[in-house]
Amino acid sequence: MHVPSLIEKKREGGILTDDEIRAAIAAFTSGDLPDYQMSALAMAIYFRGMSPEETASLTRAMLESGEVFRYPPDHPPIVDKHSTGGIGDKVSLVLAPLLACDELWVPMISGRGLGITGGTLDKLEAIPGFNVNVTQADALSQLQRIGVVMMGQTTDICPADKKLYALRDVSGTVPSIPLIVASIMSKKLAETLDRLVLDVKYGSGAFMKTETDAVALADAMREVGEAMGVAIFTELNPMNEPLGRTVGNALEVQEAIDTLRGDGPADLVAITLDLASRVSDVSREQLARWLDDGTAWEKFVQLVEAQDGDVGCLERYSAVHPAPVRREIVAGMSGRVTQVDAHAIGHASLELGAGRSRADDAVDFSVGFSHLTKCGTTVTADQIVGIIHARSESDADQAEHGFRAGLTIT
Ligand code: URA
């Protein structure tokens, strides 16, 4: 393989062959193809795009750079969900145990938050003791016992993606649909799934700002997944206001606990049931019953216990990560709430310390927002429209400023 010719071919809008893509990814993973050449190739892909066949080849090459999950021959259907990320999106914490009530296996590999969007692994780690570093052997044994495992990407899974994502992050090549599709789908397909539901978000708090871009991403992911023999279901969901009423790691865990105990906010319950029912064998009504009757909660407790989490603290979870400052924000005028901007709240939450700007930053579990008002609510001037949880009064001042900038009452 002559790498400069390969880069030039893509730069001029040519179509790379399966062999060329596989050879490039194999050489990059082993270190034979240096970062500067891979960055140039990623930039050529960013500008020229990739055909569906090239995207499928890239996904397969990244998938085959590492290990994939293997199951015994008589395993139940293997299902999962992936969301392109939003603000206040704690759906995975509810959906994974809920699906496992249906005798399916749910081997959910998740990521950490970066920028304004939160990550499932950070939320899980806000449960004291919860271990997300699970080997494939332990994941399989847990699936056999309780049907669900929630874990991070191991070093054996898609090492090419790990390296390429880090390079994209510093070379201006993250927002490329073929690169995003290959990155997301290679990791999900490493779970060797039968069915996958994709929650593709669009709007101010999402990666994709317009519905048109979200449709293009959803179609490209579906095409690649189906080419690999997985049943793919896609849902497009707006992300203009936060999901539920909380943003921030421990605050979102508390809301997920409430939802698993049958007391969740309407939008969170609805989206969880919509997504779960796409890959479940039982009806939406049955899934709703499992949220209400304690079955999903029991499964969640089993999950926390299986991954060394402190089950005892779940009953008094709201007291586990108290923030030093708790500030109630009142509407200030009466009227109808027409905007609770997800981007503004996501950004304010990041600044409070709930998220990370760089991959190696630590997150503060305690900070964020709770009691957030929803668009369409009629409020009086003295009504609480949100509570800020902060490390200091000055952090709360800054968060209040950001929150108010994203709040419209007419
Ligand atoms: N999430 C990923 O895992 N990869 C991307 O490229 C974008 C979002």
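## Around the ligand

By class, three nonpolar residues, two charged residues and one polar residue make up the shell around the ligand in this predicted model; here Ala, Val, Leu, Ile, Met, Phe, Trp, Tyr, Cys and Pro count as nonpolar, Asp, Glu, Lys and Arg as charged, and the others, Gly among them, as polar. The shell consists of Tyr165, Arg168, Ile180, Ser183, Ile184 and Lys187, where a residue is near the ligand if one of its heavy atoms lies within 4 Å of it.

Now for the polar contacts (pairs of N or O atoms within 3.5 Å). A polar side-chain atom of Lys187 sits 2.5 Å from a ligand oxygen, and one of Ser183 is 2.6 Å from a ligand nitrogen. For Arg168, a side-chain N or O atom lies 2.9 Å from an oxygen atom of the ligand. The protein buries 81% of the 240 Å² that the ligand exposes when taken alone (Shrake-Rupley method, 1.4 Å probe).

## The open sheet

Elsewhere, three strands form an open sheet in the order β6-β10-β8, with antiparallel pairing; strands are DSSP runs of E with at least two residues, and two strands pair if DSSP finds at least two bridges between them. Because β6 (325-330) and β8 (368-370) stand at the edges with a single partner strand each, one side of each has no neighbour in the sheet.

Six bridges join β6 to β10 (residues 384-390), and Glu328 has Ile387 as its bridge partner in β10.

## How to read the model

Residue numbers start from 1 along each chain as its sequence is written, and side-chain values use heavy atoms, leaving out hydrogens and water. As this is a predicted model, local features need pLDDT of at least 70 and side-chain atom pairs count only at pLDDT 80 or more, while totals for chains, interfaces and linings use all residues.

How values were computed. Polar contact = N/O pair within 3.5 Å; in protein donor to acceptor, adjacent residues only side chain to side chain. Helix = DSSP H or I, 4+ residues; strand = E, 2+ residues; numbered from the N terminus.
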